[in-house]
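Try each task before you read its solution.

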Amino acid sequence: MTSAPDPEPRPPKPALIFDDPLDQQSSDDTDHGWGERPASTGDASADLKRFLDEKPPHHL
């Protein structure tokens with residue numbers, strides 16, 4: 001009678017975390033970036049790039 005080879009050890013399963021996700025601060029829940037404008041150089045192509053970057057998706 002032959003014995004089966006020992007199974008390979010399995011990696012541990014990730015632990016379940018039951019914390020309240022609303023207790024953690026998200027990246028968009030800060031004042032960083034609000035009202036800050038990059039320095040304008042008078043370059044029309046830079047203005048167009050900024051306009052296209054900040055345009056909402058429903059305006060495509």
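**Exercise 1.** Is R50 buried, partly exposed or exposed, and why?

Solution. Start with the ground rules: this is a predicted model, where local features need pLDDT of at least 70, side-chain atom pairs count only at pLDDT 80 or more, and totals for chains, interfaces and linings use all residues. Residues are numbered from 1 along each chain as its sequence is written, and side-chain values use heavy atoms, with hydrogens and water left out. Next, the cut-offs: buried means under 20% relative accessible area, exposed means over 50%, and partly exposed is in between (1.4 Å probe, protein chains only). R50 has 31% relative accessibility, so R50 counts as partly exposed.

**Exercise 2.** Find the salt bridge of R50 and describe its partner.

Solution. A salt bridge is a side-chain nitrogen of Lys or Arg within 4 Å of a carboxyl oxygen of Asp or Glu. The partner is E54, with 3.3 Å from N to O. Both residues sit in helix α1, 4 residues apart, about one turn of the helix. E54 is partly exposed because its relative accessibility is 48%.

**Exercise 3.** How many salt bridges does a search of the whole structure find?

Solution. The search gives 2. D53 and K49 are separated by about one helical turn, because they are 4 residues apart in helix α1. Both D53 and K49 are exposed.

**Exercise 4.** Which residues form a nonpolar patch on the surface?

Solution. Patch members need over 30% relative accessible area and no salt bridge; like charges are joined within 9 Å, nonpolar side chains (Val, Leu, Ile, Met, Phe, Trp, Tyr) within 5 Å. L48, F51 and L52 form the patch, with about 310 Å² of accessible area together. F51 belongs to helix α1, residues 44-54.

**Exercise 5.** What percentage of the 60 residues is buried?

Solution. Buried residues come to 0%.

Conventions. Accessible areas come from the Shrake-Rupley method with a 1.4 Å probe; for residues, only the protein chains shown count as cover. Helices (H or I, at least four residues) and strands (E, at least two) are DSSP runs, numbered from the N terminus.
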